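This report describes a protein model, one part at a time. Keep the sequence and the structure in view while reading.

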Amino acid sequence: MAERANGAAEVDIRRVLKARFGYDEFRPLQAEIIENVLAGRDSLVLMPTGGGKSLCYQLPALCQRELTLVVSPLISLMKDQVDALQANGAAAAYVNSSVPAREVERIFAQARAGRLALLYIAPERLAAPGFARFLRAVRVGLIAIDEAHCISEWGHDFRPDYRNLHLLRERFPQAPVIALTATATARVRDDIVQQLGILDAQRFVSSFDRENLIYVVRSKRQRFDALVGLLYEHANQAAIVYCFSRKDADNLADSLRQAGFQALPYHAGLDADTRKRTQDRFIHDETPIVTATIAFGMGIDKPDVRLIVHYDLPKTLEGYYQETGRAGRDGLPSECVLFFSAGDRRKHEYFIKEIEDPDEQARAEQQLDQMIAYAEARTCRRALILRYFGEDYAQPTCGGCDVCLTEREPFDATEVAQKVLSAIIRTGERFGALHVIAVLRGSRARRVLALGHDRLSVYGIVRDLDRDSLREIVGLLVDEGLLRLSGDKYRVPSVTAAGRAFLQERQPLTLRRAVRETETPEPEAHEPAEHKPAAAYPQPSGARPRQRERVEHVPAAARPQRGGRAQRATEGPADFDLALFELLRQVRLELAREREVPPYVIFGDRTLREMASSFPQDHPSFERIFGVGRVKLAEFADDFLPVIRAYVESNEAQGQGYS
Ligand code: ADP
Ligand code: ZN
């Protein structure tokens with residue numbers, strides 16, 4: 001263990017956090033880890049994806065004079081991290097196979113001159129000629145090993161080059177080592193400290209609970225419609241849909257495009273250029289939806305993926321956890337939906353039978369059982385995942401999975417079902433469910449009036465149920481076989497033979513609907529038009545615009561401190577102005593294009609949401625926003641402030657009372 005007396009205690013790490021990263025609070029364990037590093041001691045950090053591992057070495061790197069060497073295996077991630085650091089004004093660079101030799105020399109010279117705080121290197125560099133010479137001439141104060149499980153043969157991603165890491169340890173015995181990984185098995189942990197020669201490293205193990213993720217399992221029946229619904233709910237947000245096969249990924253992307261979405265496939269069968277282009281488009285917010293096989297996601301660090309869908313059952317729960325882990329790294333509520341049907345087992349077993357090694361076959365079988373147990377669980381899904389990772393989850397309910405969130409109750413649906421079926425027949429079985437619902441609820445929407453549907457006998461006969469309840473009932477009637485959704489492109493409900501029989505025979509009908517907590521009346525859909533996908537798809541989202549249109553202005557000073565903690569996935573509608581948020585997103589996109597960086601490098605969603613709820617109009621209030629540090633204040637405040645001011649003024653002019 002290397003102790004250093006560098007007066008670390010004098011560094012006010014909280015101040016550095018705000019000034020250099022723009023954050024107000026540390027995430028769990030970050031402060032302890034940073035203090036351990038600054039005290040010159042070795043650390044082993046086990047945190048789930050999105051836990052905030054990078055900050056644990058980036059912040060110390062900015063507090064000391066010597067170079068911090070960061071070893072990282074993923075080239076694309078290196079670039080992202082360096083972009084993000086540079087946007088915050090940190091002197092950072094990376095060296096890997098994509099960097100030309102001349103540039104490498106320049107970067108090395110910078111490092112030797114002490115003008116670089118962080119240098120990211122790929123592991124193969126360790127053995128490259130010239131690197132040893134570089135190491136002899138540079139002063140290194142901290143060694144960070146990202147994806148440290150790559151050093152272990154027991155891990156899922158062993159990289160022989162990682163075995164050369166001990167060279168760094170030997171060359172810089174005084175520099176503390178911080179090894180970080182999201183892989184949690186005990187065997188890998190022990191192997192990491194062993195291989196790196198940091199047996200005394202303090203171990204920091206955080207919970208693997210991803211608090212801001214909501215876990216949902218849904219039936220595969222009408223799965224395309226359900227997916228479309230989800231994508232509408234997450235309009236304008238990044239989503240990954242994992243598919244069973246390459247062909248499925250291709251087909252699904254096609255269907256989604258036909259339905260008016262921007263979606264591209266990604267899988268190992270596509271050539272490298274196409275894959276790269278798709279990945280870039282996704283990262284730069286140009287194509288929000290990617291349908292993929294598991295090949296997608298490893299090399300990306302996009303913090304604002306809001307929806308991960310598994311269109312088919314994954315092979316293992318560990319894989320599922322890793323893939324869903326790509327959602328919501330920024331701590332904002334995000335959703336993970338798995339489509340499952342009882343028939344999935346057979347499909348997987350067919351492949352398991354082909355495995356020749358009997359041990360491997362048995363293991364695959366066992367993993368499939370665990371995965372299916374998750375999908376079929378009637379108990380908390382989060383608890384099930386955490387138990388799988390050896391963690392106890394004591395809470396009786398997590399409040400963030402479908403099992404914990406839905407309570408069902410039987411109700412007499414005879415009358416409402418008759419009304420819904422009649423309305424579908426009366427409108428000619430040609431319209432999407434939302435139109436039928438609008439007619440039932442007596443909507444004055446232009447389309448209803450233009451079609452003369454306000455003159456039908458079914459107009460306005462269900463005024464006591466809100467749109468969501470009626471949508472749910474339509475879904476339940478489909479499940480019940482009384483309705484079917486048809487049309488290849490447009491999902492139009494029509495009444496089945498069983499539905500007609502039900503109407504004629506006037507049978508009683510009991511359905512089980514989700515018990516809903518306090519019903520807050522929801523405004524009719526008046527999201528900005530651009531919020532909806534281009535095509536005239538007659539079944540728009542509507543489901544639950546999660547964001548309120550207008551919020552009252554809260555002076556920044558009176559704003560409750562928002563911590564670095566993740567937001568619970570199920571927190572109520574976010575308090576921000578959606579229209580302003582969209583304007584700010586546009587500003588962000590332009591800045592990102594000019595600078596050729598991903599939009600999140602400029603500001604994350606949470607920062608824009610805060611701007612759209614606290615309406616900063618000058619530098620001091622802008623600086624208080626989450627994610628605004630010194631450098632970003634100087635660099636970007638004058639791009640965003642005019643837009644906010646103009647927005648506030650135009651609303652004031654309309655008497656909406658922002659002050
Ligand atoms: P990991 O490497 O553990 O997957 P990252 O280091 O990429 O996670 O961090 C995930 C996201 O959380 C990043 O967008 C990062 O900027 C953000 N983040 C990290 N620490 C904090 C904090 N204390 N407060 C707010 N956001 C944070
Ligand atoms: Zn739960």
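## An aromatic contact

Phe 208 has 4% relative accessibility and therefore counts as buried (buried means under 20% relative accessible area, exposed over 50%, and partly exposed in between, with a 1.4 Å probe and protein chains only). Phe 389, at 24% relative accessibility, counts as partly exposed. This is a predicted model, in which local features need pLDDT of at least 70 and side-chain atom pairs count only at pLDDT 80 or more, while totals for chains, interfaces and linings use all residues. Residues are numbered from 1 along each chain as its sequence is written, chains are lettered from A and ligands numbered from 1 in the order in which they are written, and side-chain values use heavy atoms, with hydrogens and water left out.

A search of the whole structure finds 19 aromatic pairs. Phe 208 and Phe 389 form a stacked pair, with 6.1 Å from centre to centre and 25° between the planes. Rings of Phe, Tyr and Trp (its six-membered ring) pair if their centres lie within 6.5 Å; planes under 30 degrees apart count as stacked, over 60 as edge-to-face and the rest as tilted. The pair links distant parts of the chain, 181 residues apart: Phe 208 is in the loop between E7 and strand E8 (213–219), and Phe 389 is in the loop between helix H15 (381–388) and helix H16 (402–405). Helices (H or I, at least four residues) and strands (E, at least two) are DSSP runs, numbered from the N terminus. Phe 208, Phe 389, Tyr 321 and Tyr 388 form one aromatic cluster.

## The sheet of seven strands

Strands of a sheet pair through backbone hydrogen bonds, either parallel or antiparallel. In this model, seven strands form an open sheet with parallel pairing, in the order E3-E4-E2-E5-E6-E1-E7 (two strands pair if DSSP finds at least two bridges between them). Strand E3 (92–95) and strand E7 (202–205) are the edge strands, each pairing on one side only. From one strand to the next, the twist averages 20°. Axes are lines fitted to C-alpha atoms, for helices over the stretch in contact, and angles run from 0 to 180 degrees between N-to-C directions.

Strand E1 (residues 43–46) pairs with strand E6 (residues 177–181) in the parallel sense over four bridges. Leu 46 stands opposite Thr 181 in E6. Helix H2 (residues 30–38) packs on this sheet and touches E1, strand E5 (140–145), E6 and E7 (contact means heavy atoms within 4.5 Å). The direction of H2 makes about 160° with that of E7. Helix H4 (residues 75–87) also packs on the sheet, touching E3 and strand E4 (118–121), and its direction makes about 165° with that of E3.

## The sheet of six strands

A sheet of six strands is open too, with parallel pairing and the order E8-E13-E12-E9-E11-E10. Its edge strands are E8 and strand E10 (263–266), each of which pairs on one side only. Here the twist averages 20° from one strand to the next.

E8 and strand E13 (residues 334–340) run parallel and are joined by seven bridges. Arg 218 stands opposite Phe 339 in E13, and Ser 219 has Phe 340 as its bridge partner there. Five of the seven residues of E8 are buried, so this strand is largely enclosed by the rest of the structure.

## The zinc site

Which protein donors does the zinc ion (ligand 2) have? They are the SG atoms of Cys 380, Cys 398, Cys 401 and Cys 404, lying 2.3 to 2.4 Å from the ion. Donors are N, O and S atoms within 2.8 Å of the metal (3.2 Å for Na, K and Ca); water is not among the atoms, so sites may look incomplete. Along the chain, the donors follow the spacing C-x17-C-x2-C-x2-C.

The site is tetrahedral, with angles of 101 to 119° among its four donor atoms. Four donors count as tetrahedral if all angles lie between 85 and 135 degrees; four count as square planar and six as octahedral if opposite donors are over 155 degrees apart and all others between 65 and 115; anything else is irregular. Cys 401 counts as buried because its relative accessibility is 0%, whereas Cys 404, at 23%, counts as partly exposed.

## Covered and uncovered parts

Helix H9 (residues 223–233) is mostly covered, with ten of its eleven residues buried. Among them are Phe 224, Leu 227 and Tyr 232.

Strand E15 (residues 483–486) has a covered face, made of Leu 483 and Leu 485, and an uncovered one, made of Arg 484 and Ser 486. E15 runs antiparallel to strand E16 (residues 492–495), and four bridges join the two. The bridge partner of Leu 485 in E16 is Pro 493. Pro 508 lies in the loop between helix H21 (497–505) and strand E17 (510–515). Pro 508 counts as exposed because its relative accessibility is 71%.
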